[in-house]
Amino acid sequence: MNIKQIRNATIIVEYAGKKFLIDPMLAEKGTYPPFPGSIKQDQYNPIVSLPTSVDEVISGVDAVIVTHLHLDHFDEAAQRLLPKDIKMFVQNEEEATEVRNVGFKNIEVLQQDTIFEGIQLVKTKGEHGRGKDLLKLMGEVCGVVFKHPSEKTLYVAGDTVWYEGVQEELDAHKPDIIIVNGGDNQFIEYGSLIMGKEDIYEVHKAAPNAKIISVHMEAVNHWALSREELKNFSREKGFSSHILIPEDGESYTF
């Protein structure tokens with residue numbers, strides 16, 4: 001498989017001969033206002049440019065996976081630029097309806113045993129922050145596990161913090177590669193929305209043989225954990241050989 005970091009949570013996964021675009025945020029730098037109630041209120045989103053052209057990002061994509069419909073995972077630019085007949089996976093019927101309403105025609109809701117071109121896609125759970133109030137505000141999210149006889153098992157955790165649900169997914173699927181959204185993005189009033197460095201360390205301890213890739217970093221105005229800080233932390237904790245922290249446009253083959 002090949003995993004390419006595009007920007008923020010937007011990644012391309014080439015797996016068992018198929019190309020998946022996950023959580024496309026395709027707008028030009030500075031298109032949207034800052035997320036309110038968060039740090040860096042002077043920075044418009046996304047705060048960095050795409051590393052390549054949109055045409056290159058979407059060229060040859062076999063399917064799109066949208067883990068949830070927040071702006072930084074499926075933005076207006078993606079809604080406008082992606083072909084309306086492209087295969088798209090979403091997390092529930094409510095979001096399928098929303099995506100249909102913006103013109104997409106080929107939508108499927110992820111299940112525990114979705115099969116696409118011989119690839120098993122398993123919807124996984126997640127919690128987009130901690131505490132009832134924040135979870136109600138942020139809404140439902142998911143991740144996805146990829147399985148195929150010719151490939152290693154890949155777990156894309158999505159917008160979740162570390163909690164027992166992630167432990168359960170690791171125990172159930174024993175992934176070889178884990179992609180975490182690791183920018184510790186925060187709302188000032190509520191705290192972390194996605195994994196920070198301590199969460200990622202917990203993932204490593206729960207799956208010590210897996211390779212972790214941390215994305216969703218330094219791209220929208222509420223990020224709180226830099227790539228450099230995570231690199232230093234992984235060295236201090238002794239798991240730097242088990243984590244990859246890609247720059248935008250960087251890719252890995254497994």
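Student: How does the lining of the largest cavity divide by class?
Tutor: In this predicted model, that lining has 6 nonpolar, 3 polar and 1 charged residues.

Student: How much space lies in the largest cavity?
Tutor: About 40 Å³. The count comes to 1 cavity of 30 Å³ or more.

Student: Switching to His 73, where is that found?
Tutor: Look in the loop between β4 (63–65) and α2 (76–81).

Student: Is His 73 buried or exposed?
Tutor: Buried: the relative accessible area of His 73 is 0%, so it falls under the 20% cut-off.

Student: What does the side chain of His 73 make a polar contact with?
Tutor: With the side chain of Asp 23, at 2.8 Å.

Student: Which residues is His 73 in contact with, leaving aside neighbours within four places in sequence?
Tutor: Here they are: Ala 9, Asp 23, Pro 24, Met 25, Thr 67, His 68, Asp 159, Asn 181 and His 216.

Student: OK, pockets now. What volume does the largest pocket have?
Tutor: About 160 Å³.

Student: And what lines the largest pocket?
Tutor: Leu 170, Asp 171, Lys 174, Pro 175, Asp 176, Ala 206, Ala 207, Pro 208, Asn 209 and Ala 210 do. By class, the pocket lining divides into 6 nonpolar, 1 polar and 3 charged residues.

Terms used: Residues are numbered from 1 along each chain as its sequence is written. This is a predicted model: local features need pLDDT of at least 70, side-chain atom pairs count only at pLDDT 80 or more; totals for chains, interfaces and linings use all residues. Side-chain values use heavy atoms; hydrogens and water are left out. Helices (H or I, at least four residues) and strands (E, at least two) are DSSP runs, numbered from the N terminus. Buried means under 20% relative accessible area, exposed over 50%, partly exposed in between (1.4 Å probe, protein chains only). A polar contact is a pair of N or O atoms within 3.5 Å; within protein, one must be able to donate a hydrogen and the other to accept it, and residues adjacent in sequence count only if both atoms are side-chain atoms. Contact means heavy atoms within 4.5 Å. On a 1 Å grid over the protein atoms alone, a cavity is a set of points where a 1.4 Å probe fits but cannot get out, and a pocket is an open set with protein on both sides within 12 Å along at least five of seven lines; lining residues have an atom within 4 Å of a point. Grid points are joined across faces, edges and corners, and a volume is the space filled by probe spheres set on the points. Ala, Val, Leu, Ile, Met, Phe, Trp, Tyr, Cys and Pro count as nonpolar, Asp, Glu, Lys and Arg as charged, and the others, Gly among them, as polar.
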